[in-house]
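Welcome! Please take a moment to look over the sequence and the 3D view before reading on.

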Amino acid sequence: MKILANDGISQTGITALEAAGFEVVTVTVAQEQLEKYINDNKVVGLLVRSATQVRKDLIDNCPSLKLIGRGGVGMDNIDVAYAKEKGLHVINTPAASSESVAELVFGHLFGSVRFLHDANRNMPLDGDSKFKQLKKSYSKGSELRGKTLGVIGFGRIGQATAKIALGVGMKVIYSDPYIEKATIEVAFYDGQSATFNFESVPKEEVLKTADFITVHVPAQKEYVIGKSEFDMMKEGVGIVNAARGGVLDEVALVEALESGRVAFAGLDVFESEPNPEIRILMHPKLSLTPHIGAATQEAQDRIGTELASQITNLLK
C-alpha cells in the first residue's frame, strides 16, 4: 500500500511505515496534478502539512484513498467532516509540536524586547559606521521576568507556552471559553517539578492587563484580535501570533504599531500566506518567521512516528 507524504515526513516516520509494510512516496506533487497522481499510483494514504489542500473534489475523485493525515494540529486545509462522511480516516498529531511552537513564541518575545529583529537587519548595513548610534537605539530593552503574559486559547500549545513563561518568572493569565480551569506542571531537568493552577478569565481582562499577548486558537471566520481589541490593550504591549493567519487583523495591527499602542509583534503566520503583504514584511517593529512553528527536528520526528503508528493501526 502506498502512502504519499506530499508535504514531507521525517525519516523516523518513513522507517516506521516501511517496517509495517507500506511504500512511502515523498515527492511533492503540485496541487493541480495531485488527483491524477493519486489515481495513477493507487495511493491509499495522503499525508499533508499546511501547504496541500484536501477538498471535496479531491476526496470524491480519488477512490483509492482510505486515509488523510495532517502532520500537525490545525486541519483547516482538509474538508474533515466530508472525508469522514465518505468513510475515510482523518488523523492528525495535536500533541507532537506543542513545545516547538511554544519555544518559537518565546524566540519572538526574547528577540523583540531587545530589538534583535531590527538590530540583525541594521548591523550588517551600518554596524561599522554607526555603531554608537545603533547602540543608543537598541539600549532601551526590557526584561520578560516579572511581566504578565496573556494567553488567548489554552489548549496544548497555549499551555506549553505558559510553562516556558512560568520558568522565565512571568505571571500568566489566560482566556479560553472551552477550558475553564487548567493545572500545569513545570518539570525541571533534575526530576523536580512545580504545579500551578489556573482559571480562565474574560478575554477583555487579558487584553487590558497583559504586558505581552500570545494567540493560540484554530482558524476563525472572524478576527480574534481586531481594532476594538487593540484599543483595549495597555500602551506598549507586545503580541505574538504563531497560530493561524487571519486570527489577527494585520491592518489594525499596523495602525496599532504606528500609534505606539503595540510596541512590537511577532508573526509566524499571515493573512495572505504564502504571500505576506509588503507593508508587513518591511515594518521595523515586526519580528517575522515563515510559518515554522512546528519545524524542528524533534517535532518532526514525533509527528512522523505518531502518524506511522496511527496509520499502521488503522490500515493494517
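Below is a short tour of selected features.

## About the model

This is a predicted model, where local features need pLDDT of at least 70 and side-chain atom pairs count only at pLDDT 80 or more, while totals for chains, interfaces and linings use all residues. Residues are numbered from 1 along each chain as its sequence is written, and side-chain values use heavy atoms, leaving out hydrogens and water.

Helices (H or I, at least four residues) and strands (E, at least two) are DSSP runs, numbered from the N terminus.

## A β-α-β unit

Let's start with strand 4 (residues 67-70) and strand 5 (residues 89-92), which pair in the parallel sense over four bridges. Two strands pair if DSSP finds at least two bridges between them. Leu67 has His89 in strand 5 as its bridge partner.

Together with helix 4 (residues 80-85), strands 4 and 5 make a right-handed β-α-β unit. Right-handed here means that, with the strands pointing away from the viewer, the path from the first strand over the helix to the second runs clockwise.

## The largest nonpolar core

A nonpolar core is a set of buried Ala, Val, Leu, Ile, Met, Phe, Trp, Tyr and Cys residues joined through side-chain atoms within 4.5 Å. Buried means under 20% relative accessible area, exposed over 50%, and partly exposed in between (1.4 Å probe, protein chains only).

The largest such core has 28 residues, and those with the most contacts inside it are Ile213, Ile225, Phe230, Ile239 and Leu253. The elements giving two or more residues to this core are helix 9 (203-209), strand 10 (212-215), strand 11 (237-241), helix 11 (250-259) and strand 12 (262-267). Helix 11 gives the most, with five residues.

## Two loops with positive phi

Lys42 sits in the loop between helix 2 (34-41) and strand 3 (43-48). Although Lys42 is not a glycine, its phi is positive, at about 50 degrees. Lys42 counts as exposed because its relative accessible area is 61%.

Phe115 is found in the loop between helix 5 (98-113) and helix 6 (116-126). Phe115 also has a positive phi, near 60 degrees, in a residue other than glycine. Its relative accessibility is 25%, so Phe115 counts as partly exposed.

## A cis peptide bond

Pro274 lies in the loop between strand 12 and helix 12. The peptide bond from Glu273 to Pro274 is cis, with omega near 10 degrees.
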